[in-house]
Amino acid sequence: MTPSDGRRGRAWAGGAAWRGVLPLCPLLLVLAVLFVYPLARVLALGWTGPGGGSAVFREFLREPLYRAVLLRTFRLSLTVTGVCLVVGYPMAYVIATAPRRLATGLLAVVIVPFWISVLGRSFTWLVLLQRNGVVNQLLRGLGLTREPLSLVYNELGVHIGMVHILLPFMVLSLYGVMRGIDPTLLRAAANLGASEGQAFWRVYLPLSLPGVAAGTVLVFVVGLGFFITPALLGGGQVTLVAMLIEANVREALDWPLAAMLSLGLLVATVAVLVPASRLLRFDRMFGTGR
């Protein structure tokens, strides 16, 4: 091979690489406009906007209120994710292992809530959980309580509403993975002497972990940005980061501080997701590891 042949080969390979990237250019442009540009604007607003800069950053770090709200947001999102996983895993397992017609009906029950807006579902829970609502009347009718329970305008009501809204995301993430698990593997484990419990814990559960990871991350990240449900069911008693950002924009008109709160939530979320991705080994789950 002559040097000119080598240069032509490298040039052809480079041209082929660019031809492979060209179809992605519209998608990259959309991501740049809808994702990168807004983040850059928020960063610029927090650091270079009127009243922004290092003073806003120091206020964000020193003010106990902001730290407390950030910790409450992560704690609430984490507990909601845990409840969704505990409740959603058996639901997804039943749907994935049920006969086709029954599975279709159960899956429809999970999907139907998506047809109702988050605002509508939150208002529904507000009516059901109030002191004279259906839930308290049912509990008193069954003799389980003598006095109405305080189920709204506190963290309990927020948890109930967020679990109801985010549970379908967990169930669908798990169901998508569970449907791909070959049932003959469980029969093979049984033929080798494993009990049903051993086959589940040592065969089925490890194979379903990608769904657990995907559902956990999805519910946790979506829960961090929740606004409508905590605002309604919390009644102003449960303040999360999204509500604090809205208050600074609408009432205090402090855009730099709102931008800094948004960046703080973004950085904290990334700081949690990066080690979580390593711990859950996403690279191996999706075939991108070495």
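Trainee: Which residues do ring pairs link into a cluster?
Mentor: Rings of Phe, Tyr and Trp (for Trp, its six-membered ring) are taken as a pair if their centres lie within 6.5 Å. Linked by such ring pairs, the cluster consists of Tyr89, Tyr93, Phe200, Trp201 and Tyr204.

Trainee: What pLDDT do side-chain atom pairs need in order to count in this predicted model?
Mentor: Residues are numbered from 1 along each chain as its sequence is written, and side-chain values use heavy atoms, with hydrogens and water left out. This is a predicted model, in which totals for chains, interfaces and linings use all residues, while local features need pLDDT of at least 70 and side-chain atom pairs count only at pLDDT 80 or more.

Trainee: How many helices does the secondary structure of the chain contain?
Mentor: Helices (H or I, at least four residues) and strands (E, at least two) are DSSP runs, numbered from the N terminus. Along the sequence the pattern reads α-α-α-α-α-α-α-α-α-α-α-α-α-α. The secondary structure has zero strands, and its helices come to 14.

Trainee: How many aromatic pairs does the count come to?
Mentor: A pair of aromatic rings is described by the distance of the centres and the angle of the planes. Planes under 30 degrees apart count as stacked, those over 60 as edge-to-face, and the rest as tilted. By the ring rule, the number of aromatic pairs is seven.

Trainee: Is the aromatic pair of Phe200 and Trp201 stacked or edge-to-face?
Mentor: The ring centres of Phe200 and Trp201 are 5.6 Å apart, and the angle between the planes is 85°. Because 85° is over the 60 degrees required, this pair is edge-to-face.

Trainee: And is the aromatic pair of Phe200 and Tyr204 stacked or edge-to-face?
Mentor: Phe200 and Tyr204 are four residues apart in helix 10 (residues 196–224), so about one helical turn separates them. Their rings are 5.8 Å apart from centre to centre, with 15° between the planes, and the pair is stacked.

Trainee: Does Tyr204 count as buried or exposed?
Mentor: Buried means under 20% relative accessible area, exposed means over 50%, and partly exposed lies in between (1.4 Å probe, protein chains only). At 4% relative accessibility, Tyr204 counts as buried.

Trainee: Which residue forms a salt bridge with Glu155?
Mentor: A salt bridge is a side-chain nitrogen of Lys or Arg within 4 Å of a carboxyl oxygen of Asp or Glu, and a search of the whole structure finds one. Glu155 lies in helix 8 (residues 155–178) and its partner in helix 4 (residues 64–97), so the pair ties together parts that are 80 residues apart in sequence. With the closest N and O atoms 2.9 Å apart, the partner of Glu155 is Arg75.

Trainee: Which two helices each supply at least two residues of the nonpolar patch?
Mentor: Patches are made of residues with over 30% relative accessible area and no salt bridge, where like charges are joined within 9 Å and nonpolar side chains (Val, Leu, Ile, Met, Phe, Trp, Tyr) within 5 Å. Phe35, Val36, Leu39, Leu266, Val270 and Val274 form this patch on the surface, with about 500 Å² of accessible area together, by the Shrake-Rupley method with a 1.4 Å probe, where for residues only the protein chains shown count as cover. Val270, for example, is in helix 13 and is partly exposed at 41%. At least two patch residues come from each of helix 2 (25–48) and helix 13 (255–280).

Trainee: With which residues is Leu107 in contact, leaving aside its neighbours within four places in sequence?
Mentor: Leu107 is found in helix 5 (residues 100–111) and is buried, with a relative accessible area of 17%. Contact means heavy atoms within 4.5 Å. Leaving aside those neighbours, Leu107 is in contact with Ile95, Leu172 and Tyr175.

Trainee: How many disulfides does the structure hold?
Mentor: A disulfide is counted when a pair of cysteine sulfur atoms lies within 2.5 Å. Cys25 is partly exposed at 36%, whereas Cys84, at 0%, is buried. The number of disulfides that the structure holds is zero.
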